[in-house]
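Hi everyone, thanks for coming. Let me put the structure up on the screen, and then I'll walk you through a few local details.

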Amino acid sequence: MTDQDKEPMFVRLAEEFDVDFSHPHVKAVTDYMLNGRYSDYRHELYRRVKSFPTIEEAREHPDAEIDPNYWNHICDYMKTKAYIEKSKANTTKRSNVKVLHCCGSKSFVRRRAELKESEMGRIEFYKATHCKDGFWTSDGAEKNYNEMIKLKNQPVPEGETPMTEDQICDKVLGRAIGYVRGLGYGVRPDTSIKVAHVMRGQLQECTKRADEAERRAEVAEQRAEVAERRAEVAERRAEVAERRAEELTEEVTSQRSTIDSLTVKTNRLESLYEKLASRMDMGSSPTSTW
């Protein structure tokens, strides 16, 4: 459900009830409750679809109270991979819940109003919402209550201040963001919790960025070392190539000198050969008998 979808609901709630949505906590709690009701509505639709043997059969028998297009949308969504994975994750999440309450669909705010929690105290309110007719909803809930009573009745050292019920409940149940455990949404939690959570998140983000920067620096350093080694190899290769070029130059010079010497000798031999051939020609010519 988008904020745009919920805006008309906020307007109607403001008209019907004396509530100030300009207060951030009131707006956040109401937003959470609207999301919860919408989630309950979709869960009911999923339950109705699952009551049919197949989704295709459910599609052929739309609920008369639901828009046919939205009914088909639900049927299509229940066949997607996203829905199947989310359904499995929610099933696992529910199986990990160790503490259950006995308020049913009633919110803790409503139960507090009915039981006058301000008169009975927070610890006894926890028992009233987790124990019915002498039976606890879970072993975890009973364990939490016994731990609260133990802390409440323990001797207080001289000079120290005894713990309040809020402090005892926070110690046993822990703290959460946006609501008070054991009282649910509606009661404004200590703002220091939110501040601490925000600061913790900022610290984690800074640590993450620092680690990432350090990792990048290490990678850059490694790359620089590789580049330096490559430069050294290239420099050594250049030196080898330069020496080889000098050797080849000397070799070429030597070969040219040899060629020049051979050329001179060849020219001399050719000159001598020509002279010898000329003399032989002159010696073999006929002489006059006169």
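I'll begin at a helix end: Asp 67 caps the N-terminal end of α4, with a side-chain oxygen 3.0 Å from the backbone nitrogen of Asn 69. A polar contact here is a pair of N or O atoms within 3.5 Å; within protein, one must be able to donate a hydrogen and the other to accept it, and residues adjacent in sequence count only if both atoms are side-chain atoms. Helices (H or I, at least four residues) and strands (E, at least two) are DSSP runs, numbered from the N terminus.

Some housekeeping. This is a predicted model, where local features need pLDDT of at least 70 and side-chain atom pairs count only at pLDDT 80 or more, while totals for chains, interfaces and linings use all residues. Residues are numbered from 1 along each chain as its sequence is written, and side-chain values use heavy atoms, with hydrogens and water left out.

Staying with α4, which spans residues 68-77, the buried residues are Trp 71, Ile 74 and Cys 75. They cover an arc of only 100° around the axis, which puts them on the same side of α4. Buried means under 20% relative accessible area, exposed over 50%, and partly exposed in between, with a 1.4 Å probe and protein chains only. The arc is that of the directions from the helix axis to the C-beta atoms.

Now for α10, where Ile 168, Cys 169, Val 172 and Leu 173 are buried. Their arc around the axis is only 105°, which puts them on the same side of α10. Among what covers them are α8 and α9. Just after α10, Gly 174 takes a positive phi of about 85°.

Asn 144 counts as buried because its relative accessibility is 17%.

Two loop residues next. Asp 133 sits in the loop between β1 (131-132) and β2 (135-136), and its phi is near 55°, a positive value in a residue other than glycine. Most residues other than glycine have a negative phi. Asp 133 is exposed, at 69% relative accessible area. Ser 22, in the loop between α1 (3-16) and α2, is also exposed, at 60%. The side chains of Ser 22 and Asp 20 are joined by a polar contact of 2.5 Å.

Zooming out, the protein has 11 helices and two strands. Of its 290 residues, 17% count as buried.

How much space lies in the largest pocket? About 2,200 Å³. On a 1 Å grid over the protein atoms alone, a pocket is an open set of points where a 1.4 Å probe fits, with protein on both sides within 12 Å along at least five of seven lines; lining residues have an atom within 4 Å of a point. Grid points are joined across faces, edges and corners, and the volume is the space filled by probe spheres set on the points. The lining has 45 residues, of which Tyr 32, Asp 40, Lys 93, Arg 94 and His 101 lie nearest the centre. α2 gives the most to that lining, with 13 residues.

How values were computed: Contact means heavy atoms within 4.5 Å.
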